[in-house]
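The sequence and structure are shown below.

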Amino acid sequence: MKDSLRYNLRVIFVLTFASLICGFVLSFVFNSAKAKIKENEKKDIYRAIYQIVDNCKNVKEKRINEETVYYLFKEKDELIGYAYLSQGQGYQGKIKILFAVDKSIERLLGIEIIESVETPGLGSRINEEDFKNQFKNLKTNVPVECVKFSPQKENQVQAITSATISSRAVVSILNKGIQSLKSLVKEDGK
Amino acid sequence: MGSRSFKEGLWTNHPIFRQLLGMCPTLAVTTTVLNGISMGLAVIFVLFFSSLVVSLLRKVVPYQVRIAVYTIIIATFVTIVDIFLKANFPQVSKALGPYVPLIIVNCIILGRCEAFASKNKLSLALLDALGMGVGFFWGLVTLASVREILGQGTILGYRILPPSFNPLVVMILPPGAFLVLGSLVAIMNRLERIK
């Protein structure tokens, strides 16, 4: 009886101690790499912006309410639209989407997936052009919808076969992002 | 004894071609040689350090929770690799995608920790880890070379086959992975029989 108690305490001790040390090591490694990872993400965002909006010549970042909105300009500093990074839960982990809209925030110019860890071969196909291109020129005053068969109505996109959750996640993250962007730009205009 | 543990993984008990372990990364990431090299190096790193820690702790860890402890140790090293790639080689990290975190469940690593490192002294455990790691590495690179040459006509991005060569797209698709793996296993078996 006494022995089994001692054994159990040892099990608890070893597991706790192992997790603590590993957690400590990881937080140290992560902290030392955080700045570089952020910088890489920023590069990805800029690359995505220039890919979506081909006549964009200049990008200015603006912090509004602790969030970053990207203002897109043509030559002679003419505003042509906004871009915003929206994130949310996908099927297996976080999905980060960058989308761009025109300057009146009425039409989507396009989306780009910045980060995702969806199932390879199924959910990961949200990265494919065929899926992303569906979002071009959609309206932003009504929510985008995700349907399983070829879209019948306006503002619908077709989900990827056997990756309905990932497709829906992209659409809902996008819709959420559009709402935030609208209120942020409004805030800024005040 | 020492050199035997090293050779085990390198040839006689090759993780891919003999034990058929770690098939998920083997089949999935070997579309280009660069991916194969990165995955191979990542696995060598994780296997080496996990074996080191597991072998050192072999008398401390209670039997019932050994797998849990090994998994924590392996997951830590895999996450370090993941963070390192994200910070320094974002392109590689993107190309390998979720397969880097998936090294945690690569059965070669847990298998070697459980079957070897936890029962042997440090020097043998390290040699075994290196042997298995390097074996896995050359397996991936061989598979990836065949697939990249036939599927794209290039190696490490450099064109080596004339432009008139029509790439066999199937080679970089999943069926290509199975075809090449099957052929390589057959060649290995043949070589074994000649001996």
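**Helix packing in chain B**

In this predicted model, helix 6 of chain B (residues 107-117) packs with helix 7 of chain B (residues 122-152) at an angle of about 155°, and their axes lie 11 Å apart. Since angles over 145 degrees count as roughly antiparallel, helix 6 of chain B and helix 7 of chain B are therefore roughly antiparallel to each other. The crossing of helix 6 of chain B past helix 7 of chain B is right-handed.

Helix 6 of chain B contributes Ile108(B), Arg112(B), Phe116(B) and Ala117(B) to the contact. These meet Ala125(B), Asp128(B), Ala129(B), Met132(B) and Phe136(B) of helix 7 of chain B. By class, the residues of this contact between helix 6 of chain B and helix 7 of chain B comprise 7 nonpolar, no polar and 2 charged.

**The hairpin in chain A**

Strand 1 of chain A (residues 58-64) and strand 2 of chain A (residues 67-73) run antiparallel and are joined by 7 bridges. Glu61(A) has Tyr70(A), in strand 2 of chain A, as its bridge partner.

In the hairpin that these strands form, 2 residues lie between the strands. Asn65(A) in this hairpin takes a positive phi near 50°.

**The contact between chains A and B**

How many residues does each chain bring to the contact? Chain A supplies 19 residues and chain B supplies 20 residues. On the side of chain A that touches chain B, the residues divide into 14 nonpolar, 3 polar and 2 charged.

Conventions:
Residues are numbered from 1 along each chain as its sequence is written. Chains are lettered from A and ligands numbered from 1 in the order in which they are written. This is a predicted model: local features need pLDDT of at least 70, side-chain atom pairs count only at pLDDT 80 or more; totals for chains, interfaces and linings use all residues. Two residues are in contact if their C-beta atoms, placed from the backbone, lie within 7 Å. Ala, Val, Leu, Ile, Met, Phe, Trp, Tyr, Cys and Pro count as nonpolar, Asp, Glu, Lys and Arg as charged, and the others, Gly among them, as polar. Axes are lines fitted to C-alpha atoms, for helices over the stretch in contact, and angles run from 0 to 180 degrees between N-to-C directions. Helices (H or I, at least four residues) and strands (E, at least two) are DSSP runs, numbered from the N terminus. Angles under 35 degrees count as roughly parallel, over 145 as roughly antiparallel, 65 to 115 as roughly perpendicular and the rest as oblique. A crossing is left-handed if the near helix is turned anticlockwise from the far one by less than a right angle, and right-handed if clockwise. Two strands pair if DSSP finds at least two bridges between them.
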